[in-house]
Amino acid sequence: VDPASKLELLPAIVESEKPALGLRISETINPPMDLYFDQDASRLLRIDWRSDIHRFSNWKEHDGMWYPANCVGYKKASGKPWYFTEIIELERLESLPDGLQR
């Protein structure tokens with residue numbers, strides 16, 4: 001949302017067997033961050049940033065919101081995964097904890 005951010009369309013790719021549209025964000029983030037979205041569902045499939053690729057999958061719905069339950073991080077240089085995350089439980093907070101504001 002920073003007006004100083006520069007947005008640039010990237011060439012489409014295929015990610016997880018789905019056509020994906022790319023968007024590069026620069027100026028307010030260094031190095032630039034590349035985001036790829038599922039062309040049909042508009043869901044985030046991948047983030048390329050610094051020396052890593054983060055792939056999001058297993059989209060689930062909870063309380064009216066969609067989220068990727070899995071993320072795997074890969075090192076660009078080797079193509080090898082270096083972390084795996086899985087959200088196994090999600091709970092909507094009734095209110096924000098003390099000290100946080102919306």
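**The pocket**

So, the largest pocket is lined by His62, Met65, Trp66, Tyr67, Leu90, Glu91, Arg92, Leu93, Ser95, Leu96 and Arg102. For the record, a pocket here is an open set of points on a 1 Å grid over the protein atoms alone, where a 1.4 Å probe fits, with protein on both sides within 12 Å along at least five of seven lines; lining residues have an atom within 4 Å of a point.

Before I go on: this is a predicted model, where local features need pLDDT of at least 70 and side-chain atom pairs count only at pLDDT 80 or more, while totals for chains, interfaces and linings use all residues. Residues are numbered from 1 along each chain as its sequence is written, and side-chain values use heavy atoms, with hydrogens and water left out.

Back to the pocket. Its volume is about 290 Å³, taken as the space filled by probe spheres set on the points, with grid points joined across faces, edges and corners. By class, the lining has six nonpolar, two polar and three charged residues. In that scheme Ala, Val, Leu, Ile, Met, Phe, Trp, Tyr, Cys and Pro are nonpolar, Asp, Glu, Lys and Arg are charged, and the others, Gly among them, are polar. Strand β6 (residues 65-75) gives the largest share of the lining, three residues.

**The strands**

Let's follow the pairing from β3; two strands pair if DSSP finds at least two bridges between them. β3 and β4 run antiparallel, joined by four bridges, and Phe37 has Leu44 in β4 as its bridge partner. Their hairpin has five residues between the strands, and Ser42 in the turn has a positive phi of about 60 degrees.

Trp49 sits opposite Asp52 in β5. The hairpin there has two residues between the strands, and Arg50 takes a positive phi near 55 degrees.

Asp52 turns up again on the other side: it stands opposite Lys75 in β6. β5 (residues 52-62) and β6 pair antiparallel over ten bridges. Two residues separate them in their hairpin, where Asp63 has a positive phi of about 55 degrees.

Finally, β6 goes on to β7 (residues 81-86), antiparallel, with five bridges. Cys71 has Thr85 in β7 as its bridge partner. In this hairpin, with five residues between the strands, Gly79 has a positive phi near 75 degrees.

**The core**

Which residues make up the largest nonpolar core? There are six: Met33, Leu35, Leu44, Ile47, Phe56 and Cys71. Such a core is a set of buried Ala, Val, Leu, Ile, Met, Phe, Trp, Tyr and Cys residues joined through side-chain atoms within 4.5 Å. β3 (33-38) and β4 (44-49) are the elements that give two or more residues to this core.

Buried means under 20% relative accessible area, exposed over 50%, partly exposed in between, with a 1.4 Å probe and protein chains only. In β4, five of the six residues are buried, while for the chain of 102 residues the figure is 25%.

Last one, Leu44. With contact meaning heavy atoms within 4.5 Å, Leu44 touches Leu35, Tyr36, Phe37, Phe56 and Trp59, not counting residues up to four places away in sequence.
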